[in-house]
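Here are my notes on the model you sent over.

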Amino acid sequence: MLAEWRNNVRLRIKALWKRPQLDRDLGDEIAFHLSMREENNRRAGIDPREAHCAARRQFGNETSFKERTREMWTFNAMETLYRDLRHSMRLLRNKPAFT
């Protein structure tokens, strides 16, 4: 149990540093699945343009899928806190009279 938790934390920290590569890989994976669904639709006798649209409908919302997958990769709360702190520091730097 502890080893599994430790491995999970290690992988999430590693994902923080390899985010661009993971995003590219995820995009490639989604494109592969969409093309496979489209090909299956064409084999079933559907018009190529309709096969593309049907594949997208079958797959679902691509953006939502990407967001759910990214949530599994990293510590969402930590990333949100980091973004909020960066935004706050930018605002304070731009308005020194306020600080």
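Predicted model: local features only at pLDDT ≥ 70, side-chain atom pairs only at ≥ 80, totals over all residues.

1. Let's start with helix 2 and helix 4. Helix 2 covers residues 19-43 and helix 4 covers residues 62-73; their axes come within 11 Å and cross at roughly 140 degrees. That angle is why helix 2 is called oblique to helix 4. If you look at the handedness, helix 2 passes helix 4 in a right-handed crossing. On the helix 2 side the contact uses Arg 19, Leu 22, Asp 23, Leu 26, Ile 30 and Leu 34, and on the helix 4 side Glu 62, Phe 65, Lys 66, Thr 69, Arg 70 and Trp 73. Sorted by class, the residues of this contact are six nonpolar, one polar and five charged.

2. Next, helix 1 against helix 4. Helix 1 runs over residues 2-17, and its axis comes within 8 Å of the axis of helix 4, crossing at roughly 120 degrees. Because of that angle, helix 1 is also put down as oblique to helix 4. The contact of helix 1 with helix 4 has four nonpolar and two charged residues, with no polar ones.

3. Then there is helix 1 against helix 2. Their axes come within 5 Å and cross at roughly 90 degrees, so helix 1 is roughly perpendicular to helix 2. From helix 1 you have Ala 15, Leu 16 and Trp 17, which meet Arg 19, Pro 20 and Leu 22 from helix 2. By class, the contact of helix 1 with helix 2 has five nonpolar residues and one charged, and no polar residue.

4. Which residues make up the largest nonpolar core? There are six: Ala 15, Leu 26, Ile 30, Leu 34, Phe 59 and Trp 73. Helix 2 gives the most to this core, with three residues.

5. Setting aside neighbours within four places in sequence, Trp 73 is in contact with Leu 11, Arg 12, Ala 15, Leu 22, Asp 23 and Leu 26. Trp 73 also belongs to the core listed above.

6. Is Glu 79 buried or exposed? Its relative accessibility is 13%, so Glu 79 counts as buried. Glu 79 lies in helix 5, residues 76-94. Beyond its neighbours within four places in sequence, Glu 79 is in contact with Leu 16, Arg 19 and Thr 74. Glu 79 and Leu 16 are 63 residues apart along the chain, with 8.9 Å between their C-alpha atoms.

7. Asn 41 lies in helix 2 and counts as buried because its relative accessibility is 8%. Leaving out neighbours within four places in sequence, Asn 41 is in contact with Ile 46, Ala 51, Ala 54, Ala 55 and Gln 58. Ser 35 lies in helix 2 too; with 36% relative accessibility, Ser 35 counts as partly exposed. Ser 35 and His 52 are 17 residues apart in sequence, and their C-alpha atoms are 8.1 Å apart in space.

How values were computed
Residues numbered from 1 in each chain as written. Heavy atoms only, no water. Axes fitted to C-alpha atoms, helices over the stretch in contact; angles between N-to-C directions. Helix = DSSP H or I, 4+ residues; strand = E, 2+ residues; numbered from the N terminus. Parallel < 35°, antiparallel > 145°, perpendicular 65-115°, else oblique. Left-handed = near helix turned anticlockwise from the far one by under 90°. Contact = heavy atoms within 4.5 Å. Nonpolar A, V, L, I, M, F, W, Y, C, P; charged D, E, K, R; others polar. Core = buried A, V, L, I, M, F, W, Y, C linked by side-chain atoms within 4.5 Å. Buried < 20%, exposed > 50% of the residue type's maximum accessible area, 1.4 Å probe, protein only.
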